[in-house]
Amino acid sequence: MKDCYWERNDGSGDILDNNFVGAAHNGVTVTVNSGEGFTTNGCGLWIPAG
């Protein structure tokens, strides 16, 4: 993953957490809680961990 942006929001669009990732050779883990929204740009494929 390189030059990735991810964002968790409250479902109404207010950002709860976000990050720009320049490089992550081992991937990135983001916990998204029930009722939250999740958007990404340039991150590739996300895989649920559970």
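**Exercise 1. Work out what share of the 50 residues of the chain counts as buried.**

Start with the cut-off: buried means under 20% relative accessible area, exposed over 50%, and partly exposed is what falls in between, using a 1.4 Å probe and protein chains only. On that basis, 24% of the 50 residues are buried. Keep in mind that this is a predicted model, where local features need pLDDT of at least 70, side-chain atom pairs count only at pLDDT 80 or more, and totals for chains, interfaces and linings use all residues. Residues are numbered from 1 along each chain as its sequence is written, and side-chain values use heavy atoms, with hydrogens and water left out.

**Exercise 2. Sketch the overall layout of the chain: which elements does it have, and in what order?**

Step one is the count: 0 helices and 3 strands. Step two is the order, which reads β-β-β from the N terminus on. Step three is the extent: along the principal axes, the C-alpha atoms fill a box of roughly 30 × 25 × 15 Å. Finally, look at contacts, meaning heavy atoms within 4.5 Å. Of those between residues at least 6 apart in sequence, 46% join residues at least 24 apart.

**Exercise 3. Trace the surroundings of E36: which side chain does it pair with in a polar contact?**

E36 sits in the loop between β2 (15-23) and β3 (37-41). Its side chain makes a 2.8 Å polar contact with that of R8. By polar contact we mean a pair of N or O atoms within 3.5 Å; within protein, one must be able to donate a hydrogen and the other to accept it, and residues adjacent in sequence count only if both atoms are side-chain atoms. The E36 side chain also reaches the backbone nitrogen of N33, at 2.9 Å. Beyond four places in sequence, E36 touches R8, N9, G11, L16 and T31.

**Exercise 4. Compare N9 and G37: which strand holds each one, and why do they count as buried?**

N9 belongs to strand β1, while G37 lies in strand β3. N9 is buried because its relative accessibility is 9%; G37 is buried because its value is 18%. A polar atom of the N9 side chain lies 2.8 Å from the backbone nitrogen of G11. Setting aside neighbours within four places, N9 contacts D14, I15, L16, E36, G37 and F38, and G37 in turn touches E7, R8, N9 and G11. From G37 to I15 the gap is 22 residues in sequence and 9.2 Å in space, C-alpha to C-alpha.

**Exercise 5. Describe the loop residue T29: is it buried or exposed?**

T29 is in the loop between β2 and β3. With 71% relative accessibility, T29 counts as exposed.

Methods: Helices (H or I, at least four residues) and strands (E, at least two) are DSSP runs, numbered from the N terminus.
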